[in-house]
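Colleague: Could you take me through one part of this model slowly, and then show me how the rest is arranged around that part? I'd be glad of the cut-offs as you go.

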Amino acid sequence: MSYLVATDGSTESDDAVRYAARQAVAFYETLEIAHVLTPDSELVDGTIILPGEEAAVEAGQGVLESARTVAEEAVDEPITVETQLLTGRPADAITEYAAEGSVDAIYVGHRGLSEEREQVVGSVAKSVVDKADVPVTVIR
């Protein structure tokens with residue numbers, strides 16, 4: 001059993017990581033931190049090519065390590081943290097990963113894209129809420 005928090009490296013997702021870390025420690029759960037790579041693919045001579053694949057993976061690992069540090073600094077007790085680098089459409093990758101594993105809850109940060117949409121849940125967060133089979137907490 002574990003809690004899953006999705007991060008994109010933003011301030012909002014760091015807030016979600018902090019919150020999820022405190023929840024994981026309080027309920028003696030493992031915290032899984034996931035980052036989703038959404039690579040742009042190209043078809044070259046019938047072969048799918050992912051430009052900058054190595055750089056994207058390296059950047060994704062950096063996001064995950066930064067989030068691990070945020071989680072560990074958010075709590076005063078030892079915490080078990082696992083990281084996962086996923087690929088695909090963010091909401092699909094997050095909910096599919098949660099459904100395949102023993103995830104008890106998902107945490108995501110809210111990112112308002114404009115002043116008009118400030119009161120509306122971001123599209124990734126909303127899609128995760130709509131698609132998940134476990135409780136989802138949106139951190140604002």
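Which residues point one way from β1 and which the other way, and are they buried or exposed?

Modeller: Happy to. This is a predicted model, in which local features need pLDDT of at least 70 and side-chain atom pairs count only at pLDDT 80 or more, while totals for chains, interfaces and linings use all residues. Residues are numbered from 1 along each chain as its sequence is written, and side-chain values use heavy atoms, with hydrogens and water left out.

Now to your strand. Ser 2, Leu 4 and Ala 6 point one way from β1, Tyr 3 and Val 5 point the other way, and all are buried. Buried here means under 20% relative accessible area, exposed means over 50%, and partly exposed lies in between, with a 1.4 Å probe and protein chains only. Because five of the five residues of β1 (residues 2-6) are buried, the strand is largely enclosed by the rest of the structure. For the chain as a whole, 36% of the 140 residues are buried.

Strands are DSSP runs of E with at least two residues, helices are runs of H or I with at least four, and both are numbered from the N terminus. Two strands pair if DSSP finds at least two bridges between them. β1 pairs in the parallel sense with β2 (residues 30-37) over five bridges, and Leu 4 has Glu 32 as its bridge partner in β2. With β6 (residues 103-109), β1 also pairs in the parallel sense, over four bridges, and there Val 5 stands opposite Tyr 107.

Within α1 sits Arg 22, which is partly exposed at a relative accessible area of 41%. Leaving out residues up to four places away in sequence, Arg 22 touches Ala 74 and Val 75; contact means heavy atoms within 4.5 Å. The C-alpha atoms of Arg 22 and Glu 77 are 9.4 Å apart, although 55 residues separate the two along the chain.

At the other end of that unit, Thr 30 lies in β2 and counts as buried at 19% relative accessibility. Beyond residues up to four places away in sequence, Thr 30 touches Met 1, Ser 2, Tyr 3, Thr 80 and Glu 82.

Step back to the sheet. It is open, has five strands in the order β5-β2-β1-β6-β7, and its pairing is parallel. β5 (81-87) and β7 (136-139) stand at the edges with a single partner strand each, so one side of each is left without a neighbour in the sheet. From one strand to the next, the twist averages 25°. Seven bridges join β2 to β5, with Val 36 opposite Leu 86. On the other flank, β6 and β7 pair over four bridges, and Val 108 stands opposite Val 138. β6 is itself mostly covered, with five of its seven residues buried.

Helix α3 (residues 90-100) also belongs in this picture. It lies across β1, β2, β5 and β6, at about 130° to β5. Axes are lines fitted to C-alpha atoms, for helices over the stretch in contact, and angles run from 0 to 180 degrees between N-to-C directions. α3 packs with α4 (residues 123-131) at about 35°, with the axes 9 Å apart. The contact is made by Pro 90, Ala 91, Asp 92, Ile 94 and Thr 95 of α3 and by Val 124, Ser 127, Val 128 and Lys 131 of α4.

Of the contacts in the chain with a separation of 6 or more, 72% are between residues 24 or more positions apart.
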